[in-house]
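Dear colleague,

Please read the notes beside the structure itself.

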Amino acid sequence: MTIPYGRFAEAEPEMAALLRSLLDWIPICYLATVRKDGSPRVHPFCPIFANGHMYIAVNESSPKRWDLASDGRYAMHALPGKWRNTRGDDEWYATGRARLVTAAEELQAVSGAAGHTVHPSDRVFELGLRYVMTAYWENVGKPDTFAVRREWRLS
Amino acid sequence: MLAEQSTMANWRDLEDSAPDLAAAGRERFTRSELVLVGSLRRDGSPRISPCEPDIVDGELMLGMMWRSTKARDLLRDPRCVVHSTVHHRMDAMGEFKVRGRAVEVQDAHRRERYCRALFDRIAWSPPGDFHLFAIDIESATHIYYADERQRGTMWTPAGGLRTWEKAP
């Protein structure tokens with residue numbers, strides 16, 4: 001069970017704003033999936049936001065296409081480091097399940113919203129959310145530094 | 001009859017066998033001083049966590065907070081991916097990743113060597129308990145883009161180097 005990104009963002013606007021700020025800096029996140037043999041795979045990707053949903057467009061020959069289609073479980077992490085000197089390496093971490101998008105209207109919306117080219121042969125998945133965690137560090141560079149974490153979990 | 005080749009290697013083996021690839025990896029891992037580690041949760045689903053890498057005495061090492069979730073993942077199932085991170089918007093150096101198994105380092109001398117290297121880098125070393133893992137490498141891969149083509153180089157201990165090129 002997951003919910004679309006937009007419903008999470010309504011419930012936790014500050015956590016959503018942090019992701020947008022990190023993506024405004026460098027629009028890259030990293031996606032972890034599960035390979036056929038059960039081992040983890042990690043790839044960079046550029047999330048696409050359209051009509052309150054978060055998507056990933058995957059090249060048809062990409063191995064993560066098969067991971068998302070067959071298992072579907074994913075974890076993602078935004079790029080840490082925007083405020084490294086003051087907040088340490090910010091974390092924006094989420095887990096959920098991917099859904100293959102096949103409806104033409106939805107695919108058109110994703111293609112129109114993407115900041116990069118979505119090829120007709122690409123496979124598009126919605127990344128539904130089940131859990132989100134953010135973290136930053138207080139007292140960066142000092143012996144008593146500690147992480148300030150915030151969690152959202154689909155109830 | 002050919003001797004069976006090992007399917008695991010450490011960072012020094014990578015450097016000896018594929019020095020250009022190892023140099024690209026060292027640059028990728030050490031410039032941002034940050035990697036993302038893919039591991040497996042108890043239920044087999046993926047986790048991805050930031051971590052600071054160090055290459056010490058020919059080994060790719062990851063130090064982790066005591067009983068952190070990613071450390072507990074690796075103690076339960078050592079399969080992992082260590083992935084480089086970009087460090088600025090126009091970063092064109094590509095991505096470097098190591099797939100392998102995390103082996104916990106308990107030898108006091110190796111832990112001391114790691115702590116010294118860490119202190120040399122950031123003027124800090126763990127004051128108390130911490131987990132330290134060395135990565136047994138199954139494959140190392142560098143992917144970058146040039147002339148609107150994706151180019152890749154992959155090394156495995158048994159298969160050596162392989163390169164490819166394709167449209168992105």
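This is a predicted model, in which local features need pLDDT of at least 70 and side-chain atom pairs count only at pLDDT 80 or more, while totals for chains, interfaces and linings use all residues. Residues are numbered from 1 along each chain as its sequence is written, chains are lettered from A in the order in which they are written, and side-chain values use heavy atoms, with hydrogens and water left out.

On the cysteines, there are zero disulfides over all chains, a disulfide being a pair of cysteine sulfur atoms within 2.5 Å. For C51(B), the closest cysteine sulfur is that of C80(B), at 10.0 Å, which is too far for a bond. C51(B) is buried, with a relative accessible area of 4%, and C80(B) is buried at 2% (buried means under 20% relative accessible area, with a 1.4 Å probe and protein chains only).

Turning to the interface, 33 residues of chain A are in contact with 31 residues of chain B, contact meaning heavy atoms within 4.5 Å. The two chains bury about 2400 Å² between them, 61% of it from carbon and sulfur atoms; this is the accessible area (1.4 Å probe) lost on putting the two parts together, summed over both. In chain A, Y30(A), P40(A) and V42(A) lose the most area to chain B, together 25% of what that side buries. Between chain A and chain B there are zero salt bridges, where a salt bridge would need a side-chain nitrogen of Lys or Arg within 4 Å of a carboxyl oxygen of Asp or Glu.

Best regards

Methods
Buried < 20%, exposed > 50% of the residue type's maximum accessible area, 1.4 Å probe, protein only.
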